[in-house]
Amino acid sequence: MLLNTLIVVATVVFMEVFSIVAHKYIMHGFGWGWHRSHHEARTGWFEKNDLYAVVFAGVAIALIWFGTEGIWPLQWIGAGMTAYGFLYFVAHDGLVHRRWPFQYTPRSGYAKRLYQAHRMHHAVEGREGAVSFGFLYAPPVAKLKRQLQALHGGAPRRPRDAATGHQDAA
């Protein structure tokens, strides 16, 4: 039981590292065709970028299925991927991009830092020159501001929420 729990937790941590790399080099690279929709105003409930979640959910489902068919520890890796997907949905889709039916802007602590870091990711147009590619890890905001200023020679624009098109208040 303890080993299975450790596998789930390790998978969640690994998924954040994997997501940072995939976000920076795949989604902002050759996978921009899907991810571009996330950096533009959304016209409906879904965006093309959501296909990434569908792909990863499919992988997690397959791992859980193979694991329950006897290939240990795949079900626990799939469970960790599923847990990460839930955390991503809550933090990224809900907190940052407000794809929930209610809105909350964090005023302090980790949630505020996460919110600000991802909003700074959206402070640039297009796929080049972005910062902060994590979904659950947020570098210090002052560091991100310095990176944006170094990359863009001045203060970045105040980001708009890709989902609503409203100017960011934070």
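Which residues of the largest nonpolar core touch the most other members? Keep that in mind as we look at this one. It is a predicted model.

Here is the answer. The core has 22 residues, and Met81, Tyr84, Met120, Val131, Leu144 and Leu148 touch the most other members. Where do they come from? At least two core residues each come from helix 1 (2–30), helix 3, helix 4, helix 5 (109–121) and helix 6 (141–152). Helix 4 gives the most, with 4 residues.

Take Met81. Leaving out residues up to four places away in sequence, Met81 touches Thr11, Met15, Phe56, Val59, Ala60 and Leu63.

Now the helix pairs. Helix 3 covers residues 50–68, and helix 4 covers 74–96. Their axes lie 6 Å apart, at an angle of about 155 degrees. Over 145 counts as roughly antiparallel, so that is what helix 3 is to helix 4. The crossing is left-handed. On the helix 3 side, the contact includes Phe56, Val59, Ala60 and Leu63. On the helix 4 side, Met81 is among the residues, along with Leu74, Ile77 and Thr82. By class, this contact has 10 nonpolar residues, 5 polar and no charged ones.

Next, helix 5 and helix 6. Their axes come within 10 Å and cross at roughly 10 degrees. The cut-off for roughly parallel is under 35 degrees, so these two helices qualify. Helix 5 brings Arg113, Gln116, Ala117 and Met120. Helix 6 brings Val141, Leu144, Lys145 and Leu148. That contact divides into 5 nonpolar, 1 polar and 2 charged residues.

Technical notes
Residues are numbered from 1 along each chain as its sequence is written. This is a predicted model: local features need pLDDT of at least 70, side-chain atom pairs count only at pLDDT 80 or more; totals for chains, interfaces and linings use all residues. Side-chain values use heavy atoms; hydrogens and water are left out. Axes are lines fitted to C-alpha atoms, for helices over the stretch in contact, and angles run from 0 to 180 degrees between N-to-C directions. Angles under 35 degrees count as roughly parallel, over 145 as roughly antiparallel, 65 to 115 as roughly perpendicular and the rest as oblique. A crossing is left-handed if the near helix is turned anticlockwise from the far one by less than a right angle, and right-handed if clockwise. Contact means heavy atoms within 4.5 Å. Ala, Val, Leu, Ile, Met, Phe, Trp, Tyr, Cys and Pro count as nonpolar, Asp, Glu, Lys and Arg as charged, and the others, Gly among them, as polar. A nonpolar core is a set of buried Ala, Val, Leu, Ile, Met, Phe, Trp, Tyr and Cys residues joined through side-chain atoms within 4.5 Å. Buried means under 20% relative accessible area, exposed over 50%, partly exposed in between (1.4 Å probe, protein chains only).
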